[in-house]
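Subject: Structure for you to look at

Hello,

Here is the structure I said I would pass on.

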Amino acid sequence: MKAIVLFSGGLDSILAVCVLKQQGVEVVGLNMITPFHDCSKAAKEEADALGIELVVRSFGEEYMAMLAHPKWGYGSNVNPCVDCRTLMLREAAKLMSEIGADFVATGEVAGQRPNSQKIHQLTLISRESGLEGKLVRPLSARLLPKTEFELSGDLDREKLRAFSGRSRVKLAAYARQEFGVKRIPQPSTGCTLCENSFAPRVRDMLKYKPNPTVWDAHVLPWGRKLRLDSDAYVVVARRKEDCDALGELFASPKRSRCVLIFPENYNGPSALLVTDEAPEFGDANPTISERLQSYVETAGSLALRFSNADRIRALADGPQAKLFIGAETRLIRLRENPEVDAIPIVQEPNNPPKKGAAPDSEEE
């Protein structure tokens, strides 16, 4: 028999592989990258250690559509865990069909996650994914209805497990004693949609852009996000890596409409102004409407607020910046405006989460 196992490289997915291999099942791991979570590097390392093949696939705009309109709603933040899990399992079902595997398995533990792993939710996900009867959860199988493969005797139900609850103590002990696992991966929050500090940015995105794109998601982790009004927001860099990221985002042909402001004669942060008033990507003769001009002036003022004020005032010709707009670069003069009143989306953490920062040791 051959199984597709959703594989993050965390303790649960490692154990799911081990339990199945113990019964002679050939395992292929599937790691899914989302716009908010990338643990593929850790998954590859652990898959190699286990001696299994790993397939890595990415979600794009279909994930953003699901995030904007989840059938089963959100968890405590903006985490549509039931819908997300269902989407991943549907992808696993496709891979199962492509390579001729017999069933799909996960490392889910009953009761471990309040938003997606209660027993009634596990049953719901099995049905919604179209894998009912072909979805095995080796770590909690004896607490759940029998699958086709347990009923047929192809899988020995007594050798599957009955773990439940949030504690990892018994899981870690089982991994060491039964399979000789020496290094137990540490748990992590993983998906940024579950993080308290990140959720306000996502809520703001969904409020003002009902059908966001992957590009919109990729903007969220960087810099200070300040909303000007319902049609515009500014991202002001906090550090050099933010400046680099904003430059790459502006250069993307799949970007939402935006302009980039980059310091010319002073040291300070760059600023990405995102608004539908901005011209299309690659526009060779962009025009600046009166409204866009106002947005640019405000964005420039906000960037100056996070620059060295004394050095700015010492500039004989005043602060100047490059304005990247459409396919053009223009030199503009910035001015301080103490009356500018932008609304911070969220009190920024000292180390804001970065896309794909950490593996999720429990969820995939």
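Predicted model: local features only at pLDDT ≥ 70, side-chain atom pairs only at ≥ 80, totals over all residues.

Residues are numbered from 1 along each chain as its sequence is written, and side-chain values use heavy atoms, with hydrogens and water left out.

Whole chain

Along the principal axes, its C-alpha atoms fill a box of roughly 80 × 35 × 30 Å. Of the 364 residues, 56% are buried, meaning under 20% relative accessible area with a 1.4 Å probe, counting protein chains only. Contact here means heavy atoms within 4.5 Å. Among contacts between residues at least 6 apart in sequence, 67% join residues at least 24 apart.

The sheet

Seven strands form an open sheet in the order β11-β10-β8-β9-β7-β6-β12, with antiparallel pairing; two strands pair if DSSP finds at least two bridges between them. β11 (328-333) and β12 are the edge strands, each pairing on one side only. Helix α10 (residues 240-251) packs on this sheet and touches β7, β8, β9 and β10. Its direction makes about 145 degrees with that of β8. Helix α11 (residues 290-305) also packs on the sheet, touching β6, β7, β8, β9, β10 and β11. Angles run from 0 to 180 degrees between N-to-C directions, and axes are lines fitted to C-alpha atoms, for helices over the stretch in contact.

Strand β6

Five of the six residues of β6 (residues 224-229) are buried, so this strand is largely enclosed by the rest of the structure. β6 pairs with β7 (residues 232-236) over five antiparallel bridges, and a hairpin of two residues joins them. On its β12 side (residues 343-344) there are two antiparallel bridges. Leu226 stands opposite Val234 in β7 and opposite Pro344 in β12.

Helices α3 and α8

The axes of α3 (residues 61-68) and α8 (residues 199-208) come within 11 Å and cross at roughly 90 degrees. The two helices are therefore roughly perpendicular, a term for angles of 65 to 115 degrees. Met64, Leu67 and Ala68 in α3 meet Val202, Met205 and Leu206 in α8.

Regards

Note on methods: Helix = DSSP H or I, 4+ residues; strand = E, 2+ residues; numbered from the N terminus. Parallel < 35°, antiparallel > 145°, perpendicular 65-115°, else oblique. Buried < 20%, exposed > 50% of the residue type's maximum accessible area, 1.4 Å probe, protein only.
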